[in-house]
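I went entry by entry.

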Amino acid sequence: RFPVIGNFGLVGPGARAVADLVAGWRPEVVITTADTNYPNGAAATIDANIGQYYAAFIHPYAGRYGPGASVNRFFPCLGNDDWESPGARPYIDYFALHGNGRYYTFQLGSVRGFALDSMFDEPDGVASTSKQAQWLRRELAASSARWNLVYMHHPPYSSGVEHGSREEMQWPYKAWGTDGVLAGHEHSYERLRVDGLRYFVVGTGAGSLYPFADLLPASEFAYNGDNGAMLIEATPTALSFKF
């Protein structure tokens, strides 16, 4: 059992309500779809925006909001606000993540998660032919997990009026072996089905919420009425997503 939170890195009542919701689920890990640190990814704001709510999941943790976790249970990805600081350095320094820290993979029971960096600043590219994409293709091919979930900040598909779909991230996820794709960026929740694969936008972690344009034909459900988080439950035979 693990939550997905997005656009959450902003001190305030919305962030606190979502953090309390997440804590009440007693999750094993937390996945994020960024933005982790508003407004510009600075070292001066990162601990207040993240640590005061999620220190219990982070290892090693050197902030001022608690002892942290004994093993890392917090698996974020990079967003545009995190890249506002040169090289996303505060984010890279704050977390101890696998691989290069910008994109990586981890295993939790029957699930393998694949965090991507969907920012144009990514040195290894964001096109489906990029070094990053070919890394994902190889890792998915090598995965023996029952469920493979890919997550990033910019949604490949979205009906949001503020940002919409990011065409550069419309990679052949299903053909490569993905069971679900998660993103944020739009401050709303949406569930879409494209070529038989479910895509989710989970961007309601804190702050104001964004309106929708006309819903895409692939959209199954769209909501922007309140802050919230997604809960994913995985077994060897079933994978469920609940917002």
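**Entry 1: a helix on the sheet.** I looked up helix α4, residues 131-142, and found that α4 lies across β4, β5 (111-115) and β6 (147-151). Helix α4 runs at about 175 degrees to β5. Contact here means heavy atoms within 4.5 Å. Axes are lines fitted to C-alpha atoms, for helices over the stretch in contact, and angles run from 0 to 180 degrees between N-to-C directions. Helices (H or I, at least four residues) and strands (E, at least two) are DSSP runs, numbered from the N terminus.

I noted where the values come from. This is a predicted model, where local features need pLDDT of at least 70, side-chain atom pairs count only at pLDDT 80 or more, and totals for chains, interfaces and linings use all residues. Residues are numbered from 1 along each chain as its sequence is written, and side-chain values use heavy atoms, with hydrogens and water left out.

**Entry 2: the sheet.** I traced an open sheet of seven strands in the order β4-β5-β6-β7-β9-β8-β10. The pairing is mixed. Two strands pair if DSSP finds at least two bridges between them. β4 (104-108) and β10 (219-223) each have a single partner strand, so one side of each has no neighbour in the sheet. From one strand to the next, the twist averages 20 degrees.

β8 (residues 189-194) and β9 (residues 197-202) run antiparallel, joined by six bridges. Arg191 has Phe200 in β9 as its bridge partner.

**Entry 3: aromatic rings.** Rings of Phe, Tyr and Trp (its six-membered ring) pair if their centres lie within 6.5 Å; planes under 30 degrees apart are stacked, over 60 edge-to-face, and the rest tilted. I got a count of 19 aromatic pairs. Phe8 and Phe74 are edge-to-face, at 6.3 Å centre to centre with 70 degrees between the planes. Phe8 sits in the loop between β1 (2-5) and α1 (13-24), and Phe74 in strand β3 (residues 74-75), 66 residues apart.

Buried means under 20% relative accessible area, exposed over 50%, partly exposed in between (1.4 Å probe, protein chains only).

Next I looked up Phe75 and Phe106, which are stacked at 3.8 Å centre to centre, with 5 degrees between the planes. Phe75 lies in strand β3 and Phe106 in strand β4, so the pair ties together parts 31 residues apart in sequence. Both Phe75 and Phe106 are buried.

I also found one aromatic cluster, whose members include Phe8, Tyr53, Phe74 and Phe95.

**Entry 4: salt bridges.** A salt bridge is a side-chain nitrogen of Lys or Arg within 4 Å of a carboxyl oxygen of Asp or Glu. The structure holds eight. Arg89 and Asp93 form one of 3.1 Å, N to O. Both lie in helix α3 (residues 89-94), four residues apart, about one turn of the helix. Arg89 is partly exposed at 44% relative accessibility, while Asp93 is exposed at 54%.

Glu122 forms a salt bridge with Arg102, the closest N and O atoms being 2.8 Å apart. Glu122 is buried, with a relative accessible area of 3%, and Arg102 is buried at 16%.

Arg1, Glu233 and Lys242 are linked in a network of salt bridges.
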